[in-house]
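Please open the structure in your viewer and keep the sequence beside it.

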Amino acid sequence: MADGARAQDDETLILDAIDKWVRTKVAPVAMKLEHDDVWPAALVDDMRELGLFGALIDPEYGGLGLSATTYARIVTRIAKEWMSLTGIFNSHLMMALIVQKFGTAEQKEFWLPRFAAGAMRGGLGLTEPDAGTDLQGIRTTAIRRGDRYVVNGTKTWISNAIEGEANALLVKTDPAASPRYKGMSMLIVTKHDPRTGAPLKGIRNGRKLEKLGYKGIDSGEFIFEDYECDAALSLVGGKEGEGFLMATGGLEIGRINVAARAVGIAQRALEESIKYAQVRKTMGKPIAEHQAIQLKLGEMAAKTRASELLVEDAARQYDKGARVDMEAGMAKYYASETAVEVATEAMRIHGGYGYSKEFVIERLYRDAPLMCIGEGTNEMQRIIIAKQLVKRNPA
Ligand SMILES: Cc1cc2nc3c(=O)[nH]c(=O)nc-3n(C[C@H](O)[C@H](O)[C@H](O)COP(=O)(O)OP(=O)(O)OC[C@H]3O[C@@H](n4cnc5c(N)ncnc54)[C@H](O)[C@@H]3O)c2cc1C
């Protein structure tokens, strides 16, 4: 069988397995777990078995080695039922991809099989109380002492901070460097000694942050006070000064993922609206026959489909090995704004019931805005798109 046909078959098998899992395991519990903001332990076990924690990790390290195109489709399908679940494995994969893309041979051998199996889960630690968009403004330091690093500082808004064990931590190894990015490095940090399993001192979680949506997954603080880690294992790539590049380079797939989540939210809001508009009657006919509702449905459908195609395009380009800042930025920007708009319109179509916790619409409405913030705000996406446009089209 040709490689293309085999890949197609593999994708069909994986997507079928995901669909079945979403239908039988996620759908029955998502509403309750989300409203109660409960970490979905049983679903995380399922995701481990499905291989999602290794979805983008190379097979030689135990991962599935999926293409970005297949991965984006998986993310959309899960997000359609419960967006939070996609954050549990995607943040983890962002950490894993940093090691896969930039790590030393020893680091890949050590970390990737553990990450791929989901035995050691984690996320990406960039944001600090005073630095989100302006990543070069971070203050967490990691100072080399012999064969170890000593880390001090605070991270906030970190997905999987509390339930996870590991984190790809953006730090300053040379706080006085100019330009600032040259003093930044990436460390893999863990709560327990990765070799012996003994708890480590100087690393703790602060608050679990309360949120509008994106419930179930933990968003938390990390506090480092003279935390020590082994330099050879932790400093990704073995060289200081490359952390900023790793953080921003890794965001391309993160942006495709956020865009794919946004498509899932928009698709679900649209589907619910199409159904509801046919059964809800006013003035003697289904509201789907009122032109005001038809205008909404038409616009929602066109924008949702356009978002899906932008995600497919960015993922396909990424799979070809191209630099996709612009494509990923366009997909992320457009799909996330669309998710907010479509969820809002879905609420209007549902009237009072859209505001009810018994309907999924209020959850989609709460989940959608995060897509405009995460992995680089939409203000920044438009700036990135514009810069790329100019760079690619010199006058
Ligand atoms: C639920 C949730 C989960 C998250 N998970 C993670 C995670 O796992 N890991 C992690 O590291 N972070 C995470 N974050 C943090 C997220 O990445 C940041 O919130 C985001 O990058 C924005 O940073 P900020 O909140 O500091 O806003 P700021 O950077 O303070 O921005 C405030 C406003 O100013 C605008 N702005 C800033 N600079 C410019 C500029 N130069 N030009 C134009 N406009 C500008 C922004 O677009 C925004 O509108 C998470 C956040 C949330 C809410």
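Between which domains does the ligand lie, and why? Domain 2 (122-243) and domain 3 (250-392) both contribute residues to the shell around the ligand, so the ligand lies between them. The domain bounds come from an automatic or database domain assignment.

Two remarks apply throughout. Residues are numbered from 1 along each chain as its sequence is written. The model is predicted: local features need pLDDT of at least 70, side-chain atom pairs count only at pLDDT 80 or more, and totals for chains, interfaces and linings use all residues.

**The whole chain**

Display the protein chain as a cartoon. It has 12 helices and 9 strands; these are DSSP runs numbered from the N terminus, helices being H or I with at least four residues and strands E with at least two. The radius of gyration, taken over C-alpha atoms, is compared with a globule rule of 2.2 Å times the number of residues to the power 0.38. The chain's value of 22 Å is close to the 21 Å given by that rule for 395 residues, so the chain is as compact as a globular protein of that length. Along its principal axes the C-alpha trace spans about 80 × 55 × 50 Å.

**The domains**

Next, colour the chain by domain: the assignment gives domain 1 (3-117), domain 2 (122-243) and domain 3 (250-392). The centres of domain 2 and domain 3, taken over C-alpha atoms, are separated by 32 Å. Their contact takes 4 residues from domain 2 and 6 residues from domain 3; two residues are in contact if their C-beta atoms, placed from the backbone, lie within 7 Å.

**The ligand**

Select the ligand and its surroundings. The shell holds 21 residues, and the closest are L126, G132, T133, T377 and E379; a residue is near the ligand if its C-beta atom, placed from the backbone, lies within 6 Å of it. Strand 1 (122-125), strand 3 (148-159), helix 11 (370-373) and helix 12 (378-392) are the elements that each give two or more residues to this shell.

**Strand 3 and its partners**

Now select strand 3 with strand 2 (residues 141-145): the two run antiparallel and are joined by 5 bridges. Strands pair if DSSP finds at least two bridges between them. R144 stands opposite Y149 in strand 3. The hairpin of strand 2 and strand 3 has 2 residues between the strands, and G146 takes a positive phi near 65° there.

**G243**

Finally, select G243 in helix 6 (residues 243-249). Is G243 buried or exposed? A residue is buried if 20 or more other C-beta atoms, placed from the backbone, lie within 10 Å of its own, exposed if 12 or fewer, and partly exposed in between. G243 counts as buried because it has 31 C-beta neighbours inside 10 Å. Apart from its neighbours within four places in sequence, G243 is in contact with L170, V171, M184, S185 and M186. Show K172 as well: its C-alpha atom is separated by 8.6 Å from that of G243, although the two are 71 residues apart along the chain.
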